[in-house]
Amino acid sequence: MKQPWRGRALGTLLVVTTVVASASAGLGLSAALSWPKDWQFAQCDVGQGDAVVVRSGDRIALIDTGPDPQLLASCLSRLGIVRIDLLVLTHFDHDHVGGAEAVIGRAETVLVGPTGSASDIELLRSFEVADAEVLPVSTGDRGELGELQWRVLWPGERLAGIDPGNDASVVVEFLPRPDCERQCLSSVFLGDLGESAQSRLLGEHRLPEVDVVKVSHHGSADQFPPLYVALNATVGLVGVGAENGYGHPTTDALSMLDDAGIMAVRSDTDGLVLVSPASEPGAVRVWSERHVSGQG
């Protein structure tokens with residue numbers, strides 16, 4: 001079912017990015033002129049790290065902040081985002097929270113998992129001093145963002161305060177509310193969960209099929225392929241820096257996504273990426289600011 005769509009979507013991606021490249025170089029026009037106005041996800045290009053915006057109507061969520069405040073601030077400025085209704089800090093590695101300075105004083109609610117150091121607690125205190133509500137979360141916690149409903153799938157309460165690393169990453173899903181009046185896209189954000197934790201996540205939950213998955217750990221090889229098959233996503237967002245020293249995304253991870261029928265969209269090669277509903281029911285459109293040779 002997906003393969004014909006994936007061919008069409010990738011063709012759209014290449015056509016759009018080629019137009020943007022020529023317009024920017026020849027006419028000095030802003031790439032934003034070609035943006036889909038109804039975008040619902042934006043993967044910021046923040047180097048080796050994650051920073052993804054979820055938009056539903058006038059409500060904004062940000063999942064992680066990447067490693068660099070200036071890069072994050074630049075991306076949010078381009079997107080016209082001033083206030084963040086929901087900030088999710090999946091865990092406290094620098095490539096996920098290093099850019100937090102850019103959004104202190106701009107976030108209303110901050111969802112966090114287990115802390116592991118004094119610096120983690122100090123960061124959260126900075127948000128509280130700036131009038132944000134900081135909420136430690138665990139499996140089952142839920143809320144709403146515009147026409148979406150979010151739910152925490154991981155970690156369980158048994159992990160709180162024990163293991164603040166990758167496998168304690170906050171995993172959150174965004175699904176359309178029953179009264180969604182537009183084509184609301186669904187998503188799951190996997191933080192940096194490794195293979196074992198991904199396997200447990202799949203075993204403990206009846207996971208929904210979604211439109212978008214944030215690929216775990218920047219496309220490392222530490223993945224559980226059946227999880228991605230179960231999610232049956234159309235687009236896989238990979239937050240990764242160019243020529244990073246980790247080899248991310250790995251060939252194994254990219255092959256896994258391809259086998260699952262998921263189109264990998266990478267910040268190192270695609271730059272800023274926007275995902276929006278397509279005209280066909282159940283399909284999505286991907287916009288990228290860069291033309292990537294060798295794709296398609």
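**View 1. Strand E14 is mostly covered: five of its five residues are buried.** Buried here means under 20% relative accessible area, while exposed means over 50% and partly exposed is anything in between, using a 1.4 Å probe and counting protein chains only. You're looking at a predicted model, where local features need pLDDT of at least 70, side-chain atom pairs count only at pLDDT 80 or more, and totals for chains, interfaces and linings use all residues. Residues are numbered from 1 along each chain as its sequence is written, and side-chain values use heavy atoms, with hydrogens and water left out. Helices (H or I, at least four residues) and strands (E, at least two) are DSSP runs, numbered from the N terminus. On one side, E14 runs antiparallel to E1, joined by three bridges, with alanine 42 opposite leucine 274 of E14. Leucine 274 also stands opposite tryptophan 287 in E15, and E14 and E15 run antiparallel with five bridges between them. Look for glycine 282 in the hairpin of E14 and E15: six residues sit between these strands, and glycine 282 takes a positive phi near 85°.

**View 2. Zooming out from E14, we get an open sheet of eight strands.** The order is E6-E5-E4-E3-E2-E1-E14-E15, and the pairing is mixed; two strands count as paired if DSSP finds at least two bridges between them. Strand E6 (133–136) and strand E15 (284–288) are the edges, each with a single partner strand, so one side of each has no neighbour in the sheet. From one strand to the next, the twist averages 20°. Angles run from 0 to 180 degrees between N-to-C directions, with axes fitted as lines to C-alpha atoms, for helices over the stretch in contact. Strand E1 (residues 41–43) pairs with strand E2 (residues 52–56) in the antiparallel sense over three bridges, and glutamine 43 has valine 52 of E2 as its bridge partner.

View 3. Contact means heavy atoms within 4.5 Å. Helix H4 (residues 118–129) lies across E4, strand E5 (107–112) and E6, and runs at about 170° to E4.

**View 4. A second open sheet has seven strands.** Its order is E7-E8-E9-E10-E11-E12-E13, again with mixed pairing. Strand E7 (142–145) and strand E13 (263–266) each have a single partner strand, so at these edges one side of each is left without a neighbour in the sheet. The twist averages 20° from one strand to the next. For a parallel pair, find strand E11 (residues 212–214) and strand E12 (residues 235–238), joined by three bridges; valine 212 stands opposite valine 235 in E12.

**View 5. Helix H5 and its buried side.** Helix H5 (residues 195–204) lies across strand E8 (148–154) and strand E9 (171–176), at about 120° to E8. Which residues of H5 are buried? Ala197, Gln198 and Leu201 are. They span an arc of only 100° around the axis, which puts them on the same side of H5; the arc is that of the directions from the helix axis to the C-beta atoms. Their cover includes E8, E9 and helix H6 (225–231).

**View 6. Salt bridges, of which the structure holds nine.** A salt bridge is a side-chain nitrogen of Lys or Arg within 4 Å of a carboxyl oxygen of Asp or Glu. Glutamate 128 and arginine 125 form one, with their closest N and O atoms 3.8 Å apart. Both lie in helix H4, three residues apart, or about one turn of the helix. Glutamate 128 is partly exposed, with a relative accessible area of 36%. Glutamate 144 pairs with arginine 177 in another salt bridge, the closest N and O atoms being 3.2 Å apart. This one links distant parts of the chain, 33 residues apart: glutamate 144 is in strand E7, and arginine 177 is in the loop between E9 and strand E10 (187–189). Glutamate 144 is exposed, at 56% relative accessible area. Aspartate 268 counts as buried at 13% relative accessibility, and its salt bridge with arginine 266 has closest N and O atoms 2.7 Å apart. Finally, Asp58, Arg59 and Asp85 are linked in a salt-bridge network.
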